[in-house]
Amino acid sequence: MTAARKRAPYLSVVIPVFNEEENIENLVDRLSTVLRGLGKPFEIIFVDDGSSDASLELLKKAREKMREITVIAFNRNYGQHAAVFAGFEHSSGKIVITLDADLQNPPEEIPKLVSKMEEGYDAVATVRENRQDSLFRRVVSRLINRITARITGVDLKDYGCMLRAYSRSVVESMCASRELSTFIPALATTYAARTAEIEVRHESRHGGTSKYSLTRLIALEFDLLTSFSLWPLRMLMVLGTGICAAGMGFGLFLLIMRLIKGSEWAVGGTFTLFAILFFFVGAQFLAFGLLGEYVGRIYGEVRHRPRFVIKEVYGHRGRAQ
């Protein structure tokens, strides 16, 4: 066994950060206590996702106090999932845990995930107990979870919880997947042979505001649909077939009624015809829009642009071989 492998951490904790200056010091203190209490070598990888506040400076100061901390700084904001991928690519632990920086998922719950992973699971998801979010966010989250479970075929209750654990093999498989838009919890289920889900505590946000607005939640769900399923295209085919059949049936009905009632009867349905025409045109534009989304994603993939650009890395020692 090489010296490099002996120094390899057992546990890697990957934390995306975007404008979380109010939480960083408390997060680092609590993480340090929890991880040192496990008695195993660890590393903490913070990925600053183009923060505009003092988050990066606070992370750099924390790194000076803890040699286990690595700080990756993006040149601009790329989004949470891109930040997590950057952390994955710089991690070397046998077990990799993802965690939000807002402290709504307490770091003290990490030992539960490590213990479950040591039972032989490839991925451990979590369910937030007594969620400290608004009713609206809970309802939207429940809907997204049901759709996600349907698409992935893995019936997990809480795909939105960032506190998760992955084996090294699953992380490396995800890093090898080069698509630009993806949903990490769903992607992990495609590579994990054994997946478990456990309950964890959920706390109110200690500082700052949530970075997931309704618009970003909708965009995330759209990424999920178009990255992991052909369901929208298939539904378009079904919808198009139904509209076509309805149009032909209605045309036949108009012809029969014209023969029975005469031409005067048909003139009275002019505005009805316009309404039906607008419906068909609207359905066509819906179809074109969804097809365009898939074509646009294909165009983005074939350009092979990187997911993110790293401005600087502070403290990274390189992945052990």
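How are helix 7 and helix 8 oriented to each other, roughly parallel or roughly perpendicular? Let's start there. One caution before we do: this is a predicted model.

Helix 7 covers residues 168-176, and helix 8 covers residues 184-191. Their axes are 9 Å apart. The packing angle is about 115 degrees. Angles from 65 to 115 count as roughly perpendicular. Helix 7 and helix 8 are therefore roughly perpendicular to each other. The crossing of helix 7 past helix 8 is right-handed.

Who makes that contact? From helix 7 come V170, S173 and M174. From helix 8 come I184, L187, A188 and Y191. By class, six of the contact residues are nonpolar, one is polar and none is charged.

Now the wider view. The protein chain has 321 residues, and 45% of them are buried. Its secondary structure comes to twelve helices and eight strands. The chain exposes about 17,000 Å². Carbon and sulfur atoms supply 59% of that area. Next, contacts along the sequence. Take the contacts with a separation of 6 or more. Of these, 82% are between residues 24 or more positions apart.

Back to helix 8. How many of its eight residues are buried? Six of the eight, so helix 8 is largely enclosed by the rest of the structure. Those buried residues are I184, P185, A186, L187, A188 and T189.

Helix 8 has another partner, helix 4, residues 80-90. Here the axes are 11 Å apart, and the angle is about 45 degrees. Helix 4 brings H81, V84, F85 and F88 to the contact. Helix 8 brings I184, P185 and L187. The class count is six nonpolar, one polar and no charged residues. Look at I184 and L187 on your screens. They belong to the contact with helix 4.

Next pair: helix 2 and helix 3. Helix 2 runs over residues 24-38, and helix 3 over residues 55-65. Their axes are 10 Å apart, at an angle of about 30 degrees. That is under the 35 degree cut-off. Helix 2 and helix 3 are therefore roughly parallel to each other. Helix 2 passes helix 3 in a right-handed crossing. On the helix 2 side, the contact uses I24, E25 and V28. On the helix 3 side, it uses S55, L58, L59 and A62. This contact has five nonpolar residues, one polar and one charged.

Now some single residues, starting with backbone angles. Most residues other than glycine have a negative phi. Two residues here go the other way. N19 has a positive phi, near 55 degrees. Where is N19? In the loop between strand 1, residues 11-17, and helix 2. The other is L103, with a positive phi of about 70 degrees. L103 lies in the loop between strand 4, residues 95-98, and helix 5, residues 110-117. Is L103 buried or exposed? Its relative accessible area is 1%, so L103 is buried.

Another loop residue is E118. Find E118 between helix 5 and strand 5, residues 123-128. Its relative accessibility is 43%. Buried would mean under 20%, and exposed over 50%. So E118 counts as partly exposed. What does E118 touch, leaving aside residues up to four places away in sequence? Y10 and K40. E118 also pairs up across the sequence with S167. They are 49 residues apart in sequence, yet their C-alpha atoms are 9.8 Å apart in space.

Last stop, T70. T70 sits in strand 3, residues 69-74. Its relative accessibility is 2%, so T70 counts as buried.

To recap the helix pairs. Helix 7 and helix 8 are roughly perpendicular. Helix 2 and helix 3 are roughly parallel. That's the tour.

Definitions and conventions:
Residues numbered from 1 in each chain as written. Predicted model: local features only at pLDDT ≥ 70, side-chain atom pairs only at ≥ 80, totals over all residues. Heavy atoms only, no water. Helix = DSSP H or I, 4+ residues; strand = E, 2+ residues; numbered from the N terminus. Buried < 20%, exposed > 50% of the residue type's maximum accessible area, 1.4 Å probe, protein only. Axes fitted to C-alpha atoms, helices over the stretch in contact; angles between N-to-C directions. Parallel < 35°, antiparallel > 145°, perpendicular 65-115°, else oblique. Left-handed = near helix turned anticlockwise from the far one by under 90°. Contact = heavy atoms within 4.5 Å. Nonpolar A, V, L, I, M, F, W, Y, C, P; charged D, E, K, R; others polar. Areas by Shrake-Rupley, 256 points an atom, 1.4 Å probe, with all protein chains shown as cover.
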